[in-house]
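Please walk me through the structure below in plain terms.

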Amino acid sequence: MASLPHSFVILLLLPLLIAADKCNKEDKRALISIKSAFNNAYHFASWTSTSACCDWYGVECDPGVPGNSDGSRVTGLYVITDSNVTGPIPSAVGDLPFLTSLRFHKLPNLTGNIPSSITRLTRLSVLILSWNSLSGPIPSFLSQIPSLTIINLSFNLFSGSIPAELANLPSLLGLDFSRNRLTGPIPSEFGNFPKSSPPDLILNHNSLSGNLPVSLGVPEWGTIDLSRNSFTGDGSFLFGAGKSTQVIDLSRNEFAFDLSRITFPVNLTSLDLNHNKISGSIPAQINQVEANFFSQFNVSYNQLCGQIPAGPITAKFGVDAYFHNKCLCGSPLPPCTSS
């Protein structure tokens, strides 16, 4: 079979090439509004009226979106590392209906609250608003965007409590609220996340407090990081040999439970319990965890007693992983005595 002439193939593909380069006019109008709201900061230098918005810096388009006869739709918006971007997030971000990924990162002068217009982004999957100066409460209306899989609001000035409504998000894979000023307890509704596939829960460096809801022991968290808060009481229900949890960090809180009564998830790769009020002894079962992938272990500054069980996990770590306990002994600490 004879091949088609090269020029004929180009003619066949030309409408597709034009469509891919063309920018939807409504999306372009919304982007121009965003640029204007940020006082035409340098980040937006390539955002000119004479160029296609799909070619602009920080803008991603998908020509394959159904119904794009008026031009490729904007699916990604990234504004990153620019101290000249000042003021609040413009409400016009809600006027990009095909947006699946929104990232405002390392913008120290990005201030104010998360605008409610974001709820119009019914296809939004990834929301990253990290390392900014955003403030106010974390809005419960984020639960109105069921397509969300990642919410990262870390390194901001958010305050108030964690909205319980976020537990209603059906596809959430990761929730990172670390390094903010959040207060109050973890909502008991977070125990309603799917048992076998809850989101990674990262809440470190806040001012959260109170006892953990027992319901939090139902989901098998891949990663749960509650470090550097003021949590109290029991945390033992987060453990269990049959769970698939890989990372548990409860360090620098006021947890008080008997460590000798727990079993460790066999897939555990990192465990940090330092600076709490945890008592009992270290279960020998810790050495049944897969040693090749186990990278962090710290039980220092607690109230543990008894001999450190010998094995491949406990032998990987030095004195600083065990010291400042009530009466813990054995290698790498001094030997146990008969008394």
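Does H275 count as buried, partly exposed or exposed, and why? H275 counts as partly exposed, because its relative accessibility is 26%, and partly exposed covers the range between under 20% for buried and over 50% for exposed. The model is a predicted one, and every value here is computed from it. H275 sits in the loop between β15 (270-272) and β16. Its phi is positive, about 60°, although it is not a glycine. Most residues other than glycine have a negative phi.

H205 lies in the loop between β9 (200-202) and β10 (207-211). With a relative accessibility of 23%, H205 counts as partly exposed.

The peptide bond that joins S331 and P332 is cis, with omega at about 10°. Most peptide bonds are trans.

Next comes the sheet that contains β16. Three strands form this open sheet, in the order β16-β18-β19, and their pairing is parallel. The edge strands, β16 (279-280) and β19 (327-329), each pair on one side only. Strands of a sheet pair through backbone hydrogen bonds, either parallel or antiparallel. Between β16 and β18 (residues 303-307) there are two bridges, and these two strands run parallel. Across this pairing, G280 stands opposite L304 in β18.

L304 is buried, since its relative accessible area is 0% and the cut-off for buried is under 20%. Not counting residues up to four places away in sequence, L304 touches a list of residues that includes S279, G280, C327 and L328. Also among the residues it touches are L259, I278, V299 and N325. L124 makes a contrast in position: L304 and L124 are 180 residues apart in sequence and 47 Å apart in space, C-alpha to C-alpha.

Which residues of α2 are buried? They are D27, K28, A30, L31, I34 and K35. These residues lie on the same side of α2, because they cover an arc of only 160° around the axis. An α-helix has 3.6 residues a turn, so residues three or four places apart point the same way. Among the elements that cover the buried residues of α2 are β1 (59-62) and β2 (73-80).

Both ends of α2 have something to show. At its start, a side-chain oxygen of N24 reaches to within 2.9 Å of the backbone nitrogen of E26. N24 is in the loop between α1 (6-21) and α2. N24 counts as buried because its relative accessibility is 4%. Leaving aside neighbours within four places in sequence, N24 is in contact with D70, G71, S72 and R73. At the other end, α2 is followed by N39, whose phi is positive, near 55°.

Apart from neighbours within four places in sequence, T86 is in contact with A37, F38, N39 and N109. T86 lies in the loop between β2 and β3 (101-112). It counts as partly exposed, because its relative accessibility is 31%. T86 and D176 are 90 residues apart along the chain, and their C-alpha atoms are separated by 23 Å.

Last comes the protein chain as a whole. Its secondary structure comes to two helices and 19 strands. The radius of gyration is 25 Å, well over the 20 Å that the globule rule gives for 339 residues, so the chain is more spread out than a compact globule. Along its principal axes the C-alpha trace spans about 90 × 60 × 35 Å. Buried residues make up 50% of the 339 residues. Of the contacts with a separation of 6 or more, 53% are between residues 24 or more positions apart.

How values were computed: Residues are numbered from 1 along each chain as its sequence is written. This is a predicted model: local features need pLDDT of at least 70, side-chain atom pairs count only at pLDDT 80 or more; totals for chains, interfaces and linings use all residues. Side-chain values use heavy atoms; hydrogens and water are left out. Two strands pair if DSSP finds at least two bridges between them. Helices (H or I, at least four residues) and strands (E, at least two) are DSSP runs, numbered from the N terminus. Buried means under 20% relative accessible area, exposed over 50%, partly exposed in between (1.4 Å probe, protein chains only). The arc is that of the directions from the helix axis to the C-beta atoms. Contact means heavy atoms within 4.5 Å. A polar contact is a pair of N or O atoms within 3.5 Å; within protein, one must be able to donate a hydrogen and the other to accept it, and residues adjacent in sequence count only if both atoms are side-chain atoms. The radius of gyration is taken over C-alpha atoms; the globule rule is 2.2 Å times the number of residues to the power 0.38.
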